[in-house]
Amino acid sequence: MSEVHKLPLADLYRELESGEHGLSSAEAGARLARYGPNELRVRHDTPEIVKFLRQFKNFFALLLIVGGLLASFAEQLDPDQGNLYIAIALFAVVLLNAAFTYFQEHQSEQIMESFKKMLPAMVTVLRGGKTQEVHAEELVPGDVMILREGDRVPADGRLISAAEFKVDQASLTGESEPQLLDPAALHDNILESRNMVFSGTLVQNGEGEVLVCNTGMSTQIGSIVELTKATAEAETPIHKELKYFIKVISAIAIFLGVTFFLVSVAIGKGGISSLIFAIGIIVANVPEGLLPTVTLALTMASKRMARKNALIKNLESVETLGSTTVICTDKTGTLTQNRLGVNTLVLGGKAYTAGDHAVLVEPALPEALKVMTLCNNAYLDGDGYFGDATDGALLLCANDLTDIDELRKAEQLAEQPFNSTTKRMIAVFDLGHGGLPAALMKGAPEVVLHACDRIMVDGQTVALTHERRGQVIDDYRRLAGRGERGLALAIRDTHGVSIPEEGYVFVALVGMIDPPRPEVPDALAKCRSAGIKVVMLTGDYGLTAKTIARQIGMVSDTGEVIDGDELAAMDDAELADVLKTHPELIFARIAPAQKLRVVQGFQALGEIVTVTGDGVNDAPALKNADMGVAMGVMGTDVAKEASNMVLMDDNFATIVKAVEEGRTIFDNIKKFIAYILTSNVPQILPFIAYVLLDIPLPLTVVLILSIDLGTDIVPALGLGAEPPETDVMKRKPRKRDERLLTRNLLFMSYGIVGMIQAAAGFFSYFVILYSGGWEWGQDLASSDPLYRTAITGFFASIIICQVADVIICRTRRQSLFTVGVFTNRLVWLGIATELVLLGLIAYVPAVNVFFGTAPLELWQLSLSVPFALLILFGDELRRVFVRAENRFVLKWLTW
């Protein structure tokens, strides 16, 4: 029913099989079953079991499942060799990982669902001619609902009757002024037809009866939500990097497992032992704790950001912020304080500061106050106001200069509300003096000037000559040059309720200012040093926007201002050239729909774009951006749902804090990947030595799992909570193709620190064996006390070296002594858990039986300490060369 706004009301009643008394309760129930509940299905619904099963499709999970199946197969071929326990352990690891990651994602989705509170809980309807309250989700087409001031409209409908019924449709259409609706008014465009109300809009004044035409996803806002769902969500950089990391490590694991299985068989090892050997290689390569550690680290980061007034709805979006290269931001409320106030009154060519009572002698003031007070839809409320910010600022100013209650006794005869097309508002009032009604106009200065042919000067109405028009324009530019938003006022006599379009008398210019937030200049300076381009997108006049931008340090005098009309005239190639070649950009008088084009233009150039928005019509741009940021105070529910992050204070500086947090989390993920990968080397080499050197296996699969899951996760989480290094906002954004897993990181982890750990393990292992009388080539049973002591020594060496490793991974450039050795308590908690687990595995008899270990003497335990000290002080020396920008170190040893 796309033409519901044009049909005669009687025909619409027949079409909907309804009437002025509404539906019966029975009919409403039947229709609810037919049409479904009145709700917005913002997200694609996926069964919970499917979400859980998705956790098993990554390569790590598949590798461990294959390892478990191979261990089960080996148990069938050669029972009672411990392979069953290995299989159970591997399957348990996969299941725990999946459950943990699913639980974290489920929590994140619950946060997102909390933003779905779009519709009011209850609505007043006529059912069988009687008024009653029903749940908004129970509304159906054909219902008659009664809307009053303060109600949020729960469905699309046709206005039946209205009394001073004004609706704020800004969230849907972008109109900043509430619209006075009229059952008799219609327009070809349904969104501009003033006999319609739309779901999600807000009743600002009066009362109206509405015939419900569309509910749920069939509403206008539902179509926008559908567009938002259809807009492809950009894959987050961290998600891409984790997929790449998993593929690389899995490829290494498979290659080594298969290769050494074949080698083992070729040199005469048994098939079963070779199979177990291959399983060990695969398990040693897979960092089982990585995915839950990443999820937990991102969760912790999102909670830290929430304390900074930034609510992250998608965990992986935390890191996207750190990759941001362009921020497209609103001006009002984000860069400014959203406290619009009148700063200047220009009457008869003379400028007066608001609050300067010298203006009281100005002859044009009474006419200006009439326009400011009557051509206005705001209401004073205590020390503030209720309504539009512009109207509220005018009303507060007028209240300081006159009795506005007396003025507002005038009877309103007609109104033409403000909209973004006409850029002006006209109201017709009977001022009660027996004369003709007065038409009052306020709006953009260029629009109001066009409608005027006279001007008030020194109390006289004189012709608006070319020279006088030029003087008004100069006054307007002076206001804009000070960062003030200009508004013009005009008045004329009229006849009856007709609304004249021209023939007005120009009365005054009003300069309003929304002061910049004091913390924004520092935030912008951080963006510049961080290599982030900040672009302003605003509906304000270009000169005003540029002045504010200069005041806060966003642009210099050479900053480029492009208005919405210029943008509309550009093709994609011209827009790309502008975005690429102008370092300082402001888009002024831009329509909300043009935001998406600017965002996509930057993305086509390879930029990672963060964009802010607050209206329903901002939702596609927010969804399409790499990082959508909605306003928590002024933002609409649909904008919040479409976004990745919500600013609880609508403050630009909060975005910059979040960018810093995003960069920090990427650094920290690299740190704990470096930490986790390092232990792979001393886990893999024992199996290779077992095959090639024909020695007893120095490390068992169960002990490998205890390292990966028991001793790695908490220290890695500590690295995830590491505070930012001092230069984090002095570096350029990482390139889109920069890998989480780099050549240097692999070289440092596998080639240097990992090798030192392996050397420590083998040193301890062989010293213990030889001290116990072992000779090369001698077989040892898995139950032999000497063998158990030796593998415990190897295991302890890895743990002790990992303690040194987690300490050095805390900082990539800064000295540990600058950062503070004991400043990260979670790292030290992780170290404590490692040592406690070592104590349990080495010294508790019941645990010894399960892991096949034995207690160590103090001298055996200390064999690996020199290697740990080498790791600790060697990396401190590396950082000295990094800070000195030594070319060799920067090329090979910086990760």
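Modeller: Helices (H or I, at least four residues) and strands (E, at least two) are DSSP runs, numbered from the N terminus. This is a predicted model, in which local features need pLDDT of at least 70 and side-chain atom pairs count only at pLDDT 80 or more, while totals for chains, interfaces and linings use all residues. Residues are numbered from 1 along each chain as its sequence is written, and side-chain values use heavy atoms, with hydrogens and water left out.

Colleague: Where is W776 found?

Modeller: W776 belongs to an aromatic cluster that also holds F762, Y765, F766, Y770, W774 and F794. As for its place in the chain, W776 is found in the loop between α28 and α29 (785-808).

Colleague: How many disulfides does the count come to?

Modeller: A disulfide is a pair of cysteine sulfur atoms within 2.5 Å. The sulfur of C452 is too far for a bond, because the closest cysteine sulfur, in C375, is 12 Å from it. By the rule above, the count comes to 0 disulfides.

Colleague: Is C452 buried or exposed?

Modeller: Buried means under 20% relative accessible area and exposed over 50%, with partly exposed in between (1.4 Å probe, protein chains only). At 5% relative accessibility, C452 therefore counts as buried.

Colleague: How many residues apart are Y476 and Y541?

Modeller: Rings of Phe, Tyr and Trp (its six-membered ring) pair if their centres lie within 6.5 Å, and planes under 30 degrees apart count as stacked, over 60 as edge-to-face and the rest as tilted. The structure holds 15 aromatic pairs, among them the stacked pair of Y476 and Y541, at 4.9 Å centre to centre with 25° between the planes. Y476 is in helix α16 (residues 466-481) and Y541 in the loop between β21 (533-537) and α18 (542-551), 65 residues apart.
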